[in-house]
Amino acid sequence: MWKVAVVFLSLLIQPPAWGQIDVTDTPEVGPERAREYMRRRTPSPATTRRPASRPLGPTGSRYLSLHVGGFLDEDVYRWGSSENKDVGKLNAGVTYKIGEWTQAMDLLFRADFTSFELLERRAVKMSLLPLVVFPDSASGFPLYFGAGIGPGVFLRQVPGSSSLSLDYQILAGARFYEVVKGMGLMFEAGLKNHVHIFSKGQHNGVFFTSGMVFRF
């Protein structure tokens, strides 16, 4: 019996095999082990997340429009005969963006050509105007408002009247980009007035024009 007791006691004292630590399982350390660990942690290119790119606007940053129209209502003061009324006829021109205040306004240059039918003779005027228009064309917003002032040069004028004038415009409009690829439509209305510089004479007109708009 004493032999059985000794065997049983030795089994109790000996630690179980599953609790023993094998020295050969000690993890490796060093630069190679670190590089291997980082390779396992680095995601593959296919799973790497990238921020979504911001969609481009409908068009580029350059802006140009062509317009043609006429006058809806007019007043004439001391320009030729006192019987001259509703003398403004055809109005056409081109507008190009020359600068901008980012996310605010555009600075445009407009060349306007206007014909007038007075009792004395037909007059033709070219207006050269810087315009400040908001919001900026890059916003894509269809409505816009603006104003400008600059010189007017009469290519053909009534005798005795100044060939130079001070022109100013107040306008509101709508522009629709990409109606056809690369081209849109614009509609504009407002006031186009001028005052003769070296003689008496003034013309005030309510105008309406339509045309094409391009951004590229």
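The model is predicted, so local features need pLDDT of at least 70 and side-chain atom pairs count only at pLDDT 80 or more, whereas totals for chains, interfaces and linings use all residues. Residues are numbered from 1 along each chain as its sequence is written, and side-chain values use heavy atoms, with hydrogens and water left out.

**Fold**
- The protein chain contains two helices and eight strands, which are DSSP runs numbered from the N terminus (helices: H or I, at least four residues; strands: E, at least two).
- Their order from the N terminus is α-α-β-β-β-β-β-β-β-β.

**Burial**
- The protein chain has 216 residues, 33% of which count as buried, meaning under 20% relative accessible area with a 1.4 Å probe, protein chains only.

**Cavities**
- Two cavities of 30 Å³ or more occur in the structure; a cavity is a set of points, on a 1 Å grid over the protein atoms alone, where a 1.4 Å probe fits but cannot get out, and lining residues have an atom within 4 Å of a point.
- A volume is the space filled by probe spheres set on the points, which are joined across faces, edges and corners.
- The largest cavity has a volume of about 90 Å³.
- Its lining comprises 15 residues, with T114, K125, D167, K192 and N193 nearest the centre.
- Two or more lining residues come from each of β3 (105-117), β4 (122-134), β6 (164-180) and β7 (183-196).
- The second largest cavity holds about 40 Å³ of space.
- Among the residues lining the second largest cavity are Y63, R110, Y144 and E188.

Terms used:
Buried means under 20% relative accessible area, exposed over 50%, partly exposed in between (1.4 Å probe, protein chains only). On a 1 Å grid over the protein atoms alone, a cavity is a set of points where a 1.4 Å probe fits but cannot get out, and a pocket is an open set with protein on both sides within 12 Å along at least five of seven lines; lining residues have an atom within 4 Å of a point.
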